[in-house]
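Here are my notes on this one, in numbered points. Have the structure open while you read.

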Amino acid sequence: PPEQEIDALNLINGQTARLSNNQLSVREAWLRTELAQQRLGLTIGRIDVTSHFDRNMGANDETTQFISDALVNNPVLGLGSNGFGIVAVVDPHKSWNFKFGVQQSTDPNILLGSLADSMYRLAEFEYIARPFGLPGGHYRIWSRSDNSGGPGYRDAYGVSLDQKVGESITLFMRYGDGEVGDIPGDLSFYSAGVQFG
């Protein structure tokens, strides 16, 4: 694969990371319930928090939209791998929702000293709008804090927007800024595009 030739923060071809040689790998195994008249959703287990955070209608699926992980989720989100965690979603069934999650996300080959190692804390606010009479659009802002790169926490924030401008045309954009793993300094990332349905 090209990753062996080209250094990058993300995998150029995300599919290669999901292939293994005749090995069984459980990527996700979780339980979900809804409480308070379906206004609070709780998911707990081995989860992929990118299924809940930094979502985007135009760029969020490595199978049908993009094969590169850099366009599936914001690289500044900085998650290592799926792990044990919990996500709470407060959805009053209006034009907004709020999510909070905690996940342990590490390389499965690295033995951790405690459950508090490599913890990711994430929060996201999403607003659903129809500006200027356009079809639905999703406007999200998120924040992440983790201790995956050693002692001390590293922080990042980002935005993810997708807006339908017609029945089959969606504009999308992402931006992120923050510390990722043990890479020194802040990283910035942005992407934009058009999806035709």
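1. The side chains of Asp54 and Arg174 come together in a salt bridge, 3.0 Å from N to O (a salt bridge being a side-chain nitrogen of Lys or Arg within 4 Å of a carboxyl oxygen of Asp or Glu). The two residues are 120 apart and link distant parts of the chain: Asp54 sits in the loop between β2 (40-47) and α2 (69-72), and Arg174 in strand β8 (residues 169-178). Helices (H or I, at least four residues) and strands (E, at least two) are DSSP runs, numbered from the N terminus.

2. Before going on, the ground rules: this is a predicted model, where local features need pLDDT of at least 70, side-chain atom pairs count only at pLDDT 80 or more, and totals for chains, interfaces and linings use all residues. Residues are numbered from 1 along each chain as its sequence is written, and side-chain values use heavy atoms, with hydrogens and water left out.

3. Buried here means under 20% relative accessible area, exposed over 50%, and partly exposed in between (1.4 Å probe, protein chains only).

4. The whole structure has seven salt bridges. One of them joins the side chains of Lys99 and Glu124, at 3.3 Å from N to O. Lys99 belongs to strand β4 (residues 96-104) and Glu124 to strand β5 (residues 119-129), so this pair ties together parts 25 residues apart in sequence. Lys99 is buried at 8%, as is Glu124 at 1%.

5. Lys99 also meets the side chain of Glu126 in a salt bridge, at 3.8 Å from N to O. Through shared partners, salt bridges join Lys99, Glu124, Glu126, Arg140 and Asp162 into one network. Glu126 counts as buried, at 7%.

6. Now look at Ser160, in strand β7 (residues 154-164). Ser160 is buried, with 0% relative accessibility. Its side chain makes a polar contact with that of Asn56, at 3.0 Å (a pair of N or O atoms within 3.5 Å; within protein, one must be able to donate a hydrogen and the other to accept it, and residues adjacent in sequence count only if both atoms are side-chain atoms). Leaving aside neighbours within four places in sequence, Ser160 is in contact (heavy atoms within 4.5 Å) with residues including Asp54, Arg140 and Arg174.

7. Which residues make the nonpolar surface patch? Val90, Trp96, Phe98, Phe100, Phe125, Tyr127 and Ile141 do, over about 610 Å². Patches take residues with over 30% relative accessible area and no salt bridge, joining like charges within 9 Å and nonpolar side chains (Val, Leu, Ile, Met, Phe, Trp, Tyr) within 5 Å. β4 gives the most, with three residues. Val90, from strand β3 (residues 83-90), is partly exposed at 34%.

8. For the overall picture, the protein chain has two helices and nine strands. Of its 197 residues, 36% count as buried. The chain exposes about 11,500 Å², with carbon and sulfur atoms supplying 58% of it; accessible areas come from the Shrake-Rupley method with a 1.4 Å probe, and for residues only the protein chains shown count as cover.
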